[in-house]
Amino acid sequence: MKKISLLLLSIASLGLLSACQSSTNHKTEAEKVVVVYTSVDQVFSEPVLQAFEKKTGIKVKAVYDTEETKSTGVLNRIIAEKNHPRCDVFWSGDPMRTAVLKKEGLLQAYCSPTAKDIPSVFKDNKCMWTGFSARARVLLYNKTILNENNIPHSIFDLTKPTYKGQFAIANPLFGTTTFHLAALFDILGETKAKALLDALKQNGVVIATSNGDVKQRVVSGEVACGLTDTDDAFEAVKESKDVSYVFLDQGDSAIGTLIIPNTVCLIKGSPHTEYGKKLIDYLLQCRTEQILAKSCAQMPLHKGCEVPKNVPSLDKIKPMAIDYDKTAKILEKIQPYLEQWEKSMQ
Amino acid sequence: MGKKHAVIPYSFLAIFVVFILFIVVPIAYLLTETGQSINYFVQSFQDSFFPALLLRTIIIGFTVSLLTTIVGSLLGFFLYRTSIFASGILKLLWIIPLLLSPYIEAVAIKKVGILLSMPHLFYSFSGVVLTLFIAYLPLAIVITGIAFYNTGRNLEEAAYLNAPKYKVAWKITILSNKHAIFSSIALIFIFSVSSFSVPSYMGVNVLATDIFTHFAAFYNYNYAVAQSILLVFLCFLILLGDTKYIEKTAFFTKSNTNTNRFYGFSLKNKIVVSFVLWGLWLILIAFPIVTLFFNLFNNNLSELFTVWHILFPAIKQSVILALIASVFIVVIGYVSAFLSIRYHFKLFDKILLFVFAVPSIVFGIALIRFYGFSWGEIIYSSTAILIIGYTGKYSFIASKILGTSMQQINISLDEVAELSGAKLWKRIYYIWLPLLSPVIFLSFITGFIFSFKELSLTVMVYPPGMNLLPVKVYTLMANTPRIFIEAMLFVVFSVTLFILAIMWMIYIWWLHKKGRVYK
Amino acid sequence: MIEFKEINFSYGNSLLLNNFSWLIPSNALTCILGWSGAGKSTLLRLIAGFEVPAKGELLLNNQTIARDGKNLLPPYKRNIGFIFQDLALWPHMTVYNNIAFPLKMNKKNNIRERVEKWLDFFNLNEYASRYPNQLSGGQKQMVAIARAMVSEPNILLMDEPLSNLDISIKKKILSYINHIKDLLDITIVYVTHNYWEANRIADYVAVMEKGEIMLFGEKQKVLESNNQFIQMFTE
């Protein structure tokens, strides 16, 4: 009987011990801690956060998201925590997720001094979010299947019979792909955008689970080409000599390529607001953009920010002329249509 | 069998109440908060794709559960009741898929498909079925195999007087354990219809992926929660059949006579059967795993040291967390099974099923919403929330495993002890624990494996700054070279195997100390 | 006739039967009296074919069925009925199916007729669709006997079948056994440690201790003797 009591006591103690472990957010502002949730891949974001911690002495407690949960786990978490926020800063890989938080009224305005020379198109006009280090949508292609003469140069080329069943896009309901489609609706208008999507469907577009999956399929030769982001394309090129990428729609009258900036924002009611602002200032520096350029070929938005030669420059890319806030609103509107479009391919 | 009108022990009732408060109330809170109404259900059925989606989900569930249980029962019989070559080792080798997340199985199957130029093997309905079949086959083998092993010897001998051994094997050994077979079908059905990662990876739309989409893409919580209720309802229908069946054919199959004598079914074609069993293992288990790790082995495992250094802090935390959670899982599972079998109090079991069937993302949101207030800080910001999550999610499995074995123990063994003056906890310690020690161990390692590799729930609720293995591996997977990914998966696989081996040795040592022999 | 010829048999390292020889008479009820561990149940298991003698020979009606570590005739071909101490009724089968099982396995005709005959014999008709856990101790015992008898065995082995029953049920079951004995030409071997049971139904009695037959003969002679071995059971 004594042994049972001991066992029960041990279990209860373990339970209590674990409960007392790593308790963070009830600490006071005086404690040098900042809590950041990020949907940017841990392999890229973690070194930046570690560098901030080393420089400032402010401990960073990060929550990362995963490919498996389509990088929406942290966003749902912030929304679920709205009554009692734990997160100070949200660092997103695109403006779309930030737009959701803005719509929910979960952000507080902060105009960082380090973002002065970032073009205004990449900033919210009320300082709810600020963009930095951008990716672009590209077409990754397999050189062993497509030679120089038959590489698509426009998204409309993907409707041609030559590429039937040979190109992939990620799930149109998530991530940068959904934003890309919303941008097309913005720039082409609803009728033309729907016609394009129907044509893609008729031409046997392959739906991959994620941008990473698109990358894998192109590298392995399962498909000839696929739409993905520059960081995935960069990794693919490092991994295999058989692949390369191209920016679509760069002609004079073409619609341009979608540029997707990282965004950072301050959460309303966050427990460590001042440290949150410091982290935002750090993230929005040219120095951070240089780190991200080197690690994942993300293009700096600061003018004159030097980067390695193999990283594309925004100056040489014709961007799609969209308003990010407006595109986020369009995205919300077209989601039911995208859902039906995706399901009709099953 | 069992006391219908007996008073439930207060300690067990207390555990039941604690479970309700900590785990069920958050889910109920979410349901009331999202304001469920019949409209959301109607909305689902108005979607023209929904009936096909629902049908696909049910077909996957039944196909996987039936196929897995049929094959698993046959394998269970041969592994646990015949003397094929190296059956002891093969029993352990068949458990390997349990050490890997079904998502990883899907990646392995895809690689096999590419290697064999068989695209229909993956990115399709058959790919989903094949992956889930391999992932859950070990469960079916263990559940049915142990039941076959525990069949009363006299029952088989009585039949042997009238029929040759192969007929005895079918009519008595296998058919008298229909409860175990049906339990296997029910459990695997629930796993299959709740599975998100495999259908998502294979690009097949099912109810679980649709729920996820509505949560994660559209932030339409109400609709998603309504669909979750539908999913839970599906699982309950299966459980209803399971419960009815057990009630109708309540029985003992464990003989009271000496079972130390091994009564195996001798095989005329032992070589052929051994060849088939080993061959199946090589094709279904070894080949996909080797394909998965092929590049790694080709590169002389050079990435392993780098990966180990990166993952070690996460491994440490995850192992401790999973071990703690497993203790709670076994305790809750035991209490639920005991109340169900001994006192006919089945509510706890049904509640465990309900929580198990709730999709991880919904459960995660429920925990955040409930504990997200300032009073819940001590739980929310600590590992306690993860322990609560894993306990809630996997206690059902422990309850099922323990319940199936408890039914096979003569209640009079407990009644005699009670008459002798032993109170409940003494009877548990002196009577039930020794009799159930193998399945308690099995429940513990099952709880450990599932908690250790649980991703969806972990990513929803893990405290900021905490380093946990599933999150670390999957976040790094997004953008690292293939060889690095393979190295990470190999490390995870090896660590799980190593921990299980340590637990196994501790268990054998404990048996030895108690003067018992491992069978 | 059942004959044991110089049989050796061990459980693990302990030698239970050492050069054991014995002839059990045909068409009679032989009762083996002995305390636990005497080897009584082992003899039954050897006859049934569940155990094999390490050395020696076992004959059934002059046919060798086991010799020197090998079963020459498997249990299901020996036409034996066996009633186990715990009855071994199959819990997943109804009373009807328990009794019908031997007939189905041997592909006999008129299964329904034959099963109903034994249900009538024991007045168990209304319990035919019940499961064993829904029966009383006495009813289970009757089902076990019916199952053993339905395929008309030449030999019926009974291993302490009445040990868990009260006196009134015992009397009832014993009267059924006597009735069966009178109706059919069948060799019955009945194992017990109960003198009273032996007295009620045996034709022959053997007293067994430590793997040896200490005393054997017709019931009256054995049970009424002053032999020390029989005295142990009358005290």
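Predicted model: local features only at pLDDT ≥ 70, side-chain atom pairs only at ≥ 80, totals over all residues.
Residues are numbered from 1 along each chain as its sequence is written, and chains are lettered from A in the order in which they are written. Local features need pLDDT of at least 70, side-chain atom pairs count only at pLDDT 80 or more, and totals for chains, interfaces and linings use all residues, while side-chain values use heavy atoms, with hydrogens and water left out.

Chain A contains eleven helices and ten strands; helices (H or I, at least four residues) and strands (E, at least two) are DSSP runs, numbered from the N terminus. Of its 346 residues, 60% count as buried, where buried means under 20% relative accessible area, exposed over 50%, and partly exposed in between (1.4 Å probe, protein chains only). A contact means heavy atoms within 4.5 Å. Among contacts in chain A between residues at least 6 apart in sequence, 77% join residues at least 24 apart.

Two pairs of chains touch, and the most contacts are between chains A and B. Chain A and chain C share no contact, their closest C-alpha atoms lying 34 Å apart.

The contact between chains A and B takes 63 residues from chain A and 70 residues from chain B. About 5900 Å² is buried between chain A and chain B, with 56% given by carbon and sulfur atoms; buried area is the accessible area (1.4 Å probe) that two parts lose on being put together, summed over both. Five salt bridges are found across this interface, a salt bridge being a side-chain nitrogen of Lys or Arg within 4 Å of a carboxyl oxygen of Asp or Glu. A:Glu46 forms a salt bridge with B:Lys472, with the closest N and O atoms 3.7 Å apart. On the side of chain A that touches chain B, several helices and strands each supply at least two residues, including α1 (2-20), β1 (33-38) and α11 (324-343). The largest share, seven residues, comes from α1(A). This side of chain A divides into 19 nonpolar, 22 polar and 22 charged residues. Here Ala, Val, Leu, Ile, Met, Phe, Trp, Tyr, Cys and Pro count as nonpolar, Asp, Glu, Lys and Arg as charged, and the others, Gly among them, as polar.

Between chains B and C, 24 residues of chain B are in contact with 27 residues of chain C. The two chains bury about 2200 Å² between them, 65% of it on carbon and sulfur atoms. B:Tyr160, B:Leu161 and B:Asn162 supply 30% of the area that chain B buries against chain C, more than any other three residues. One salt bridge is counted between chain B and chain C: B:Glu157 pairs with C:Arg45, the closest N and O atoms being 2.5 Å apart. On the side of chain B that touches chain C, α7 (153-160) and α8 (165-174) each supply at least two residues, and α7(B) gives the most, with six residues. The residues of this side divide into twelve nonpolar, seven polar and five charged.

In chain C, helix α1 (residues 40-48) is largely enclosed by the rest of the structure, because eight of its nine residues are buried. Among them are C:Leu43, C:Leu44 and C:Arg45. Just after α1(C), C:Gly49 takes a positive phi of about 100°.
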